[in-house]
Amino acid sequence: GTRAGTGAGARPSVRLERELADPPGVVWRALTDPQELGSWFPSRIVVERWEVGAKLSFVFPEHEEYNAGGVVLVCDEPRVLAYTWGEETLRFELTPTDAGGTLLVLFDELDPGIAARNAAGWEVCLELLAGRAPAQGVWRPLFAQYSAAFSPVLGPQEGPPAGFEDA
């Protein structure tokens, strides 16, 4: 499930959960290996070494205006990875399941106005991470659902950034 709520900080956090077939060590590689990130993450991540304090660069080759920086906050392989991405904070928590897979929980702490946009985007990304092809055009209906759910709590929701309207 996905939900938005306000955590300890003043900003809301979107929380998404996925049960993945692979064990945490394999999922960790998908979160940190540049080749594997390329198959599901929305931008390239450039980092010298995944360790606390390391600087990150988020690169959008087609949309340089969205390039951003960040820093690694938590790097506890293969359990918790957290980092800033521009103004947002992403946190991935990996828990082994009895079936030998991983329960992945993603938290995206963000500005209230982009909660629906990002939640819909992460839904698509996590489908890719799980090895499934998201349905064509699924982002729009997801965004509409999240906007309807989040607006009463978080206020008006911004649409997609320019250039990503048909993502």
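At 9% relative accessibility, Cys125 counts as buried. Buried here means under 20% relative accessible area, exposed means over 50%, and partly exposed lies in between (1.4 Å probe, protein chains only). Cys75 is partly exposed, with a relative accessible area of 26%. The structure holds zero disulfides, a disulfide being a pair of cysteine sulfur atoms within 2.5 Å.

This is a predicted model, in which local features need pLDDT of at least 70 and side-chain atom pairs count only at pLDDT 80 or more, while totals for chains, interfaces and linings use all residues. Residues are numbered from 1 along each chain as its sequence is written, and side-chain values use heavy atoms, with hydrogens and water left out.

Cys125 is one of the buried residues of helix 3. Helices (H or I, at least four residues) are DSSP runs, numbered from the N terminus. Helix 3 covers residues 115–129. Its 15 residues should span 21 Å at 1.5 Å a residue, and its end C-alpha atoms are 20 Å apart, which agrees. The expected span is 1.5 Å times one less than the number of residues. Helix 3 is mostly covered, with twelve of its 15 residues buried. Among them are Arg117, Asn118, Trp122 and Glu123. Just after helix 3, Gly131 takes a positive phi of about 85 degrees.

Now the pockets. On a 1 Å grid over the protein atoms alone, a pocket is an open set of points where a 1.4 Å probe fits, with protein on both sides within 12 Å along at least five of seven lines. Lining residues have an atom within 4 Å of a point. Grid points are joined across faces, edges and corners, and a volume is the space filled by probe spheres set on the points.

The largest pocket has a volume of about 850 Å³. It is lined by 25 residues, of which Pro42, Phe60, Trp85, Gly121 and Phe164 lie nearest its centre. Helix 3 gives the largest share of this lining, seven residues. By class, the lining has 17 nonpolar, three polar and five charged residues. Ala, Val, Leu, Ile, Met, Phe, Trp, Tyr, Cys and Pro count as nonpolar, Asp, Glu, Lys and Arg as charged, and the others, Gly among them, as polar.

The second largest pocket has a volume of about 160 Å³. Helix 1 (24–32) and helix 3 each supply at least two residues of its lining. Helix 1 gives the most, with three residues. Trp40, Leu128 and Leu129 are among the lining residues. The lining has nine nonpolar, one polar and two charged residues.
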